[in-house]
Amino acid sequence: MIWFLFFLIVTHCFMTTVKYTFFLFLVGTSIFLSCTNNHEPLEPKVEVLESDQEFLVFGDSVFYDGVERFARSDETFYVADKSARIFRLNKNIQLLGVIENIGRGPGEFTFVSDISFSRDSLYVFSRSQAKIVVFDNKDQFIREIPIEKFGGARHMEVGQNGLIYLSTPFSDKPITIFNSNGEKIKSFGEQTADPEDFNVYRNERILALHNDKLIAASPSDPLIWVYDLEGKLLYKLNIDHPKLENRIAEIKDSYEKPSPQGGYMLVILFEDITIHNDNLYVSTVTRTENEPAPKYTLVLSYKINDNGELIYTNEYELYRQNRNKRLSGVKIGLVQENKFLLYDLIDKTIHLFEDQEI
């Protein structure tokens, strides 16, 4: 009898251990999947939008070159073209003024690499001159910030904390932080190519700030990173979207094939990103070499959670009013509630789109 009782006790303990171990396995598996499932859902919510207006045709007597960057303040909207000029517009896209300080002296620049509006000031980055020129909200020159010269640096964001974030693809880390005087603080981020490789521009990062977070997108890899303002990684999203499948495959193939002309090369997947309220918008390239190019520009939207997680919410197919003509959107901005601005590369025109879902 004693041996029988002993057998029951041992059996009970064994089964309890097995159940507990299995429970821990299930919990661990659930946690692992929740941390690694950074792919967007495969059921897209598609909004098909048609251009409400076409305006600011580049090539006329005022605008003669393509858009390099959009930047927005509360009341005004800035457009930097590929020359040394910046246009200040109101919310109705009416021209208020032009900053055209061409030169190499204080307050002057020969080329606009990027612009950012922060702390009631406009920051103009000129890579070739290794400096940032600062203007007030009435276009008056305030000061210059010298910046260490980095090869390939193009994208810039300036935070409300005064810190300057610069994409530095040729460095050992793809993003570099500077203080408000231009002194380097640190570099951070994940490289996606060897800095010595022919496709080093895969390390370029398109940048956008949202409250206490910095969002960085690779132009040629289906990856978006979310960092805190000190450079700590909060979230990484690997975009696996059906409409981008062929383009991503083509890009991966290009990684192994140096350009026949030599030099650096980059096959683009993401053209631009912008943020409005708590939403991230990503302008993409869907065309491939061996297929007819789609007539629309695909824009993906994601909700930005407090912990940095990006949740897929919507997608937009943006068309011209003339749907027989392709819309190749490369720069995207939001001027006010429910309104997109999209710059078209083909005929150098800015298009306005409006939708209640934006």
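How many of the six residues of strand S20 (residues 279-284) are buried? Five of them are, and the strand is mostly covered. Buried means under 20% relative accessible area, exposed means over 50%, and partly exposed lies in between (1.4 Å probe, protein chains only). Helices (H or I, at least four residues) and strands (E, at least two) are DSSP runs, numbered from the N terminus.

The legends below refer to a predicted model, in which local features need pLDDT of at least 70, side-chain atom pairs count only at pLDDT 80 or more, and totals for chains, interfaces and linings use all residues. Residues are numbered from 1 along each chain as its sequence is written, and side-chain values use heavy atoms, with hydrogens and water left out.

**View 1. The chain as a whole contains two helices and 25 strands.** Of its 358 residues, 52% count as buried. Among contacts (heavy atoms within 4.5 Å) with a separation of 6 or more, 50% are made by residues 24 or more positions apart.

**View 2. Strand S20 pairs with S19 and with S21.** Two strands are taken as paired if DSSP finds at least two bridges between them. S19 and S20 are antiparallel, with six bridges, and they form a hairpin with two residues between them. In that turn, asparagine 277 has a positive phi of about 55°. S20 and S21 also run antiparallel, joined by five bridges. Valine 282 of S20 stands opposite isoleucine 273, and its bridge partner in S21 is leucine 300. In a regular strand the side chains alternate between the two faces of the sheet.

**View 3. The largest nonpolar core has 28 residues.** A nonpolar core is a set of buried Ala, Val, Leu, Ile, Met, Phe, Trp, Tyr and Cys residues joined through side-chain atoms within 4.5 Å. Ile224, Leu280, Tyr302 and Leu310 have the most contacts inside this core. Strand S21 (residues 297-304) gives the largest share of the core, four residues. A second, separate core of 14 residues includes Ala80, Ile86, Ile99 and Phe117. With neighbours within four places in sequence left aside, the contacts of isoleucine 224 include Tyr235, Leu237, Phe270, Leu280, Val282 and Leu310.

**View 4. The largest pocket holds about 1,100 Å³ of space.** Pockets and cavities are found on a 1 Å grid over the protein atoms alone: a cavity is a set of points where a 1.4 Å probe fits but cannot get out, a pocket is an open set with protein on both sides within 12 Å along at least five of seven lines, and lining residues have an atom within 4 Å of a point. Grid points are joined across faces, edges and corners, and a volume is the space filled by probe spheres set on the points. The lining of the largest pocket has 37 residues, and Arg72, Ser73, Phe117, Leu209 and Ile275 lie nearest its centre. Strands that each supply at least two lining residues include S3 (67-72), S15 (206-210) and S23 (329-336). The largest share, five residues, comes from S19. By class, the lining has 14 nonpolar, 14 polar and nine charged residues, where Ala, Val, Leu, Ile, Met, Phe, Trp, Tyr, Cys and Pro count as nonpolar, Asp, Glu, Lys and Arg as charged, and the others, Gly among them, as polar.

**View 5. The second largest pocket holds about 350 Å³ of space.** It is lined by 18 residues, and Arg154, Glu204, Ile268, Glu271 and Lys331 are the closest to its centre. S19 and S23 are the elements that give two or more residues to this lining. The lining comprises 10 nonpolar, two polar and six charged residues.

**View 6. The largest cavity has a volume of about 100 Å³.** The whole structure has four cavities of 30 Å³ or more. Of the 14 residues lining the largest cavity, Arg287, Tyr296, Arg326, Leu327 and Ser328 lie nearest its centre. Six lining residues are nonpolar, five polar and three charged.

**View 7. Arginine 119 and aspartate 120 lie in the loop between S7 and S8.** Phi is positive in both residues, near 55° for arginine 119 and near 65° for aspartate 120. Arginine 119 is partly exposed, with a relative accessible area of 38%, and aspartate 120 is partly exposed at 47%.
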